[in-house]
Amino acid sequence: DGPAVSPTRTAEEAGLVAIDRLVPDIRQDIRYAGSDNFVGAPVDGYEAPRCYLLRPVAEALQRVEADLRQQGFRLLIYDCYRPVRAVRHFMRWVQDAGDLRTKAEHYPSLDKGKLVNDGYIAERSGHSRGATLDLTLLRCDASGQDCTPLDMGTAFDFFDPLAHTDSPEASEAQRRNRRRLRSAMERHGFRNYEREWWHYGFQPEPSPDVAFDVPVR
Ligand SMILES: C[C@@H](N)C(=O)N[C@H](C)C(=O)O
Ligand SMILES: [Zn+2]
């Protein structure tokens, strides 16, 4: 059940490219490589804060970023390819009912044990197939150096109905910002996941039947 895990041992063998090879100054804040995430600790498989995607997906993202720069915006990436061992770490965390350290910040109104069934964390994630990423939008000055994140109504990985992209509880300005990100991504083949305004998958997936477990380094 679910895609087979590829035996490949390096990103190169897997066809994964680091996005900063294509866009050297793209903004990244890869949360699972550090402790500022819903697990509250560095996640297995993230040995460096880097974003890898399958080449056609990385090239599509490069086109999104080029369009946005012309309009005074940039992307800020939170997560890209996610090793299978990282997803296993998430599942161990979900099952550890006693660890509620990040509840107030990440899932204040939901039971931790329901986060998988409610669709906020996947047991078999598109991220592990190298075609999915989590990101937001920054508004930048003319130099592109001074940038501010747009108000999306919730932080990244805030597991709650308020994070649903079309949530009626978000303000009109927040919904407009979410739509701005969605249109920029859709123009180049990405589709939003309706429960998380930050989560996008590239369609058609280049390798829908293969998950990877190569460490991020
Ligand atoms: C955990 C969150 N950032 C995410 O990516 N959720 C989706 C459902 C996934 O795990 O694939
Ligand atoms: Zn995601």
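**Briefing: a hairpin, a helix and a nonpolar core**

Strands E8 (residues 190-193) and E9 (residues 196-202) run antiparallel to each other and pair over four bridges. Keep in mind that this is a predicted model. The protein has six helices and 10 strands. Its radius of gyration is 17 Å, close to the 17 Å the globule rule gives for 217 residues, so the protein is as compact as a globular protein of that length.

**Overall build**

- Along its principal axes, the C-alpha trace spans about 45 × 40 × 30 Å.
- Of the 217 residues, 38% count as buried.
- Take the contacts with a separation of 6 or more: 72% of them come from residues 24 or more positions apart.

- E8 and E9 make a hairpin, with two residues between them.
- Across the pairing, Phe190 sits opposite Phe202 in E9.
- Gly189 is in the loop between H6 and E8. Gly189 has 18 C-beta neighbours inside 10 Å, so it counts as partly exposed.
- Leaving out residues up to four places away in sequence, Gly189 touches Ala60, Phe202 and Gln203.
- Pro204 belongs to the loop between E9 and strand E10 (210-211). Gly189 and Pro204 are 15 residues apart in sequence, and their C-alpha atoms are 7.9 Å apart in space.

**Helix H6, side by side**

- H6 (residues 172-186) has 15 residues, which at 1.5 Å a residue should span 21 Å; its end C-alpha atoms are 20 Å apart, so the two agree.
- Which residues of H6 are buried? They are Asn177, Arg178, Leu181 and Met185.
- As background, an α-helix has 3.6 residues a turn, so residues three or four places apart point the same way.
- Glu172, Ala173, Arg176 and Ser183 are exposed on the other side of H6.
- The cover over the buried residues of H6 includes helix H3 (55-70), strand E6 (132-140), E8 and E9.

**The largest nonpolar core**

- In soluble globular proteins, nonpolar side chains tend to be buried together.
- Here the largest nonpolar core has 52 residues, and the ones touching the most other members are Ile19, Tyr52, Leu53, Ile77 and Cys80.
- Elements giving two or more residues to this core are strand E2 (16-18), strand E4 (52-54), H3, strand E5 (73-79), helix H4 (84-95), E6, H6 and E9.
- What does Ile77 touch, not counting residues up to four places away in sequence? The list is Ile19, Ile26, Arg27, Gln28, Cys51, Leu133 and Leu135.

- Most residues other than glycine have a negative phi, and most peptide bonds are trans. Two spots are worth a look on that score.
- The peptide bond joining Gln203 and Pro204 is cis, with omega about -10°.
- Asp157 has a phi near 60°, a positive value in a residue other than glycine. You'll find Asp157 in the loop between strand E7 (147-149) and H6.
- Is Asp157 buried or exposed? Asp157 counts as buried because it has 24 C-beta neighbours inside 10 Å, and the cut-off for buried is 20 or more.

Definitions and conventions: Residues are numbered from 1 along each chain as its sequence is written. Chains are lettered from A and ligands numbered from 1 in the order in which they are written. This is a predicted model: local features need pLDDT of at least 70, side-chain atom pairs count only at pLDDT 80 or more; totals for chains, interfaces and linings use all residues. Two strands pair if DSSP finds at least two bridges between them. The radius of gyration is taken over C-alpha atoms; the globule rule is 2.2 Å times the number of residues to the power 0.38. A residue is buried if 20 or more other C-beta atoms lie within 10 Å of its own, exposed if 12 or fewer, and partly exposed in between; C-beta atoms are placed from the backbone. Two residues are in contact if their C-beta atoms, placed from the backbone, lie within 7 Å. The expected span of a helix is 1.5 Å times one less than its number of residues. A nonpolar core is a set of buried Ala, Val, Leu, Ile, Met, Phe, Trp, Tyr and Cys residues joined through C-beta atoms within 7 Å.
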